Amino acid sequence: MSRLRIGVLISGRGSNLQALIKACSAETFPAEIALVISSRTEAPGLGLATAAGIPTAVFLHENRRDFASAAGPLLAERQVELVCLAGFMRLLDPDFVEAWGDRMINIHPSLLPSFRGLHAQRQALAAGVRFTGCTIHFVRPELDSGPIIAQAVVPVHPDDNEARLSARILAVEHRLYPFIVRLIAEGRVQILADRVEIANGRAPDRTLLNPQDQADDPLVSVPA
Ligand code: GRF
C-alpha cells in the first residue's frame, strides 16, 4: 500500500500532531508523516516528532515570503502530498496558499464560520452559544476560511470556563483529524465549486438539544 505523505506544520504543544503520529503508527493507516515543520524552536511538538523518528525543521522567519521560500522546497524534497496545519500560528504567504490550498488543511476550534482567529473558545463563551466544536477545512488566504471538510459539535456546559471547554473540544479534535486525513488518503474528499464532497460520507440522523429537555433522552431523532 502506498501511503499519503503528509507534512505537519506546528507552532506549539502538538497534541494534534501526536494524534496523527498515533494514527499513522497503525500499519493499515493510509498516510504517513514525512516531515514536521515548526515556526518555534521551543515548540513541544518538535520533541514528539523526534521521539517518533520523524524528520523536523524549524523556520523562524517572521516574514511570510521567507517562510514560504524555506518551507516550500523542503516539503517538495520530502515529497509531501498533503500539508496539515496543527496549531500553526503564522499567517501564510498568499502564493504558498495558492500553490498548496487544495492540498493543505487546517483544524480550528470552533464551528466555522463562527469565531475565526485567536481564542475561539473564549469567543464562543462570550457569545453564549450552546454548542461549539471544531472544523477541518481546506486553506484559503483569509484567516480560518476555506471549503469545510468536517465538523464536530461539542456542547457548552453552564459552568464552563475556557480551559474546560478547550479540553472538551481538543479531545474531539484528536478524533477528527486522523479520521479526515484517512478520508483524504482514501481519495474520498473532493472540492467541487468550492464546496467539499465526501464519497460515501454519512451525516448523523439525530440532533441534540442544549439544554436537554429530559435528562435521560439527550438524542432526538429527526426526520430524514
Ligand atoms: C488546537 O486547538 C487547534 O484547533 C488550533 O490550535 C490548537 C493546537 O493545539 N488550531 P495542539 O498544538 O495541536 O495541541
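The model is a predicted one, in which local features need pLDDT of at least 70 and side-chain atom pairs count only at pLDDT 80 or more, while totals for chains, interfaces and linings use all residues. Residues are numbered from 1 along each chain as its sequence is written, and side-chain values use heavy atoms, with hydrogens and water left out.

The lining of the largest pocket consists of 40 residues, a lining residue being one with an atom within 4 Å of a point. Gly-87, Phe-88, Met-89, Ile-107 and Pro-109 lie nearest the centre of this pocket. Two or more lining residues come from each of α1, β5, α5 (120–127) and α6; helices (H or I, at least four residues) and strands (E, at least two) are DSSP runs, numbered from the N terminus. The largest share, 4 residues, is supplied by α6. By class, 17 lining residues are nonpolar, 14 polar and 9 charged. In this scheme Ala, Val, Leu, Ile, Met, Phe, Trp, Tyr, Cys and Pro count as nonpolar, Asp, Glu, Lys and Arg as charged, and the others, Gly among them, as polar.

The ligand takes up the space of the largest pocket; for this, more than half of its atoms must lie within 2 Å of the grid points. Around the ligand are Arg-13, Gly-14, Ser-15, Asn-16, Gly-87, Ile-107, His-108, Pro-109, Leu-170 and Glu-173, each with a heavy atom within 4 Å of it. Taken alone the ligand exposes 370 Å², of which the protein buries 86%, by the Shrake-Rupley method with a 1.4 Å probe. The shell comprises 3 nonpolar, 5 polar and 2 charged residues.

The second largest pocket has a volume of about 870 Å³ and a lining of 24 residues. Nearest its centre are Gln-151, Phe-179, Arg-202, Ala-203 and Pro-204. With 6 residues, β7 contributes the most to this lining, which divides into 15 nonpolar, 4 polar and 5 charged residues.

Note on methods:
On a 1 Å grid over the protein atoms alone, a cavity is a set of points where a 1.4 Å probe fits but cannot get out, and a pocket is an open set with protein on both sides within 12 Å along at least five of seven lines; lining residues have an atom within 4 Å of a point. Grid points are joined across faces, edges and corners, and a volume is the space filled by probe spheres set on the points.
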